[in-house]
Amino acid sequence: MGSLFFKIALGLYFLSMLGYITSLVVRKVQVAKVSTWILFSAFAVHTASIIFRWVETGHSPVTNLYESLSFIAWAVSGSYLIFQVKTKTRILGAFVSPVVLVMAITASARLMEDTPIPSILMSSWVPVHVLLTLTGSALFALACLSGIMYLVQDDLIRNKKAYGFSRLLPSLRELDRINNICLVAGFILITLGIIAGSIWARNVWGSHWQWDPKQIATLISWILYALLLHQRLAIGWKGRKAALLSIIAFVILLFTFVGVNIFFVTVHNFI
Amino acid sequence: MDIILVGMNHKTAPLEIREKLSISCDDDTATVETIKTNSHINEVLYLSTCNRVEVLAHVTKTAAAEVYLKNIVFSHGNLSPEEMARCLYIYHNDDAVRHLFRVASSLDSMVMGEPQILGQVKDAYRRSVEREATGVILNKLIHHAFRVAKRVRTETAIANNAVSVSSTAVELAKKIFGDLRGKRALVIGAGEMAELAAKHLIGNGIPKVIFTNRTYERALKMANDLHGDTVSFDLLEEALSDVDIIISSTGAPGYIIDEAMIAAALRRRKNRLLFIIDIAVPRDVDPVLGKADNVYLYNIDNLQSVVDDNMKNRINEAEKAETIIDAEMLEFSRWLKRLQVVPTVVDLRSKVENIVKGEMVRAGSWMKNLDDDERENVEILVNSIINKILHDPVTGLKEESENGAANPYVAVIKKLFKLD
């Protein structure tokens, strides 16, 4: 059942992406509205597939890279839908839906394989750690996307090309607000996730912190995000600089997520 | 039986002639009343704005009605026939319909795509309806025109994007700030353009505009006119940190806002975005600021080029609109042609219905033995039979009428069914 639902969700994600891109080309809000509903149903079906998977396998559905990707895709589309309700910035969907689709397709490659789970992942801290960090990463992904849109809109207005494509993008203030909310919420979740991870680490490896490459990379991205938040909240950074840093920080976070496992030997070798 | 449209607009008539006509703008209803009394004219709509005069009428004797309507326009403008001959246009039937659709959709307006004209057509129509000057044909036609205007508005981007400098400034401000409610604007210097932009900002939700001027009295006057506040010109630097939009149009020879001033203001305002519109020539604001973070600087040429691009875009969209209008015109003309066979269809139906009624009465003597349900079933049966029989000839007649070939069939039906 989980597998069938996931395939349906994949198809719906694809349809919603087509819809959003069409809405960009034909410049009709109506098309984007329909796409949002398709994305919503994709999200609902995806939710069902994750729950089924959880029940069918009997363990949390985030124990390997593919499951995690699927979960992040789910979290990104869910957070986007919340923003959509709050801010009516449908156009963000044209940026979000391709990202979600690519993650979901990558996940689909080996999602439903029943690989044996390493015994250290049997702890009940694992789902807490993983769900918090992945949802936090999903929010950082949205912060990055709104940052990219901010830079595009900023560039269009600055270079006096504020017609055509620029009409479709939300206002700078709105984009900056989304970026800010995603950063704050994402940072809280990631921080809690790291704490949960260190408690689990003490249980399985004997200490809270091992100076493992994965942990070091995580620390670097965490510090970057902390710095960005500090600049935003205390110094009053806004707009372009904040958008740019949120993009850079996310690239480093992505490296932490997949790059470390490829280039380094790490004890954190499941994801 | 024709639809004709006599009129003149900003393209055909120079301003002095349109001025003479617009003097009579106010007594529109009287004009409708007068035209209505003419025996050749069945229905009439009289539209008069500052840029155009249009008389749309459904008439019986085309030539005579045309002469009469021309005279009406002549006498109103107090114009010589020579003057008029140059400016007037006369359209018949399909062309008249197309012209009305183009006017209502704002394709024929001086600023193409401006929305006022549709409201003016609606007002003119209301006045005609109040005087009972419209009937089946104009009612249908004008409602059709409203529908066309709506289609053009929603299906093309003809009314999108600002085409004046001050509305462009507002549109840009919305791109930066989203909602303008709660934002503050500062106007430096006086001048018509600054005042216009300030009015536009107020109209779009800016609660209060602050005015400043080297001559304090002038700032005070503008503030009084537009219910704004003033700030002394010496305090300009402090004022910069509290406002989100700055419109500058002083006559100063050099820059009155430089990089250092804005950098200090940005620090005080914690980098909140700042939109500066410099419409002064020579410029008031150091152009270097166009590159500063969180500052968006537009000068008069920048605004004008946005306006030009938007105008080009509207012209492209107008082509799409013309296609819509052609299709709608065709549909209306089909309806109009079908209308010609309507009296015959009505006569035919009523004749058959009378026969049914008569036969039902005659059958009353034996039908009284039936109960209510059975009697009702007999009536339903009879009616469905006549409907089935009439369906094909009536549809055929309507189809032929759309091709304009209904006359011989109408004659035959009238003769065979003795409809006269």
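In this predicted model, B:Asp278 stands opposite B:Asn299, a residue of strand 10 of chain B. That pair belongs to the contact between strand 9 (residues 274-278) of chain B and strand 10 of chain B, which are joined by five bridges and pair in the parallel sense. Both strands form part of an open sheet of six strands in chain B, whose order is 7-6-5-8-9-10 and whose pairing is parallel. At the edges of this sheet stand strand 7 (229-230) and strand 10 (295-299) of chain B, and because each has a single partner strand, one side of each is left without a neighbour in the sheet.

Chain B also holds an open sheet of four strands, in which the pairing is antiparallel and the order reads 2-3-1-4. Here the edge positions are taken by strand 2 (41-48) and strand 4 (89-92) of chain B, each of which pairs on one side only, while the twist from one strand to the next averages 15 degrees. Within this sheet, strand 1 (residues 2-9) of chain B runs antiparallel to strand 3 (residues 52-59) of chain B, and eight bridges join the two; B:Asp2, for its part, stands opposite B:Val59 in strand 3 of chain B.

Which helices lie across these strands? Helix 5 (residues 93-104) of chain B lies across strand 1, strand 3 and strand 4 of chain B, and runs at about 45 degrees to strand 1 of chain B. Helix 7 (residues 136-155) of chain B, in turn, lies across strand 1, strand 2 and strand 3 of chain B, with a direction at about 35 degrees to strand 2 of chain B.

Methods. Residues are numbered from 1 along each chain as its sequence is written. Chains are lettered from A and ligands numbered from 1 in the order in which they are written. This is a predicted model: local features need pLDDT of at least 70, side-chain atom pairs count only at pLDDT 80 or more; totals for chains, interfaces and linings use all residues. Two strands pair if DSSP finds at least two bridges between them. Axes are lines fitted to C-alpha atoms, for helices over the stretch in contact, and angles run from 0 to 180 degrees between N-to-C directions. Two residues are in contact if their C-beta atoms, placed from the backbone, lie within 7 Å.
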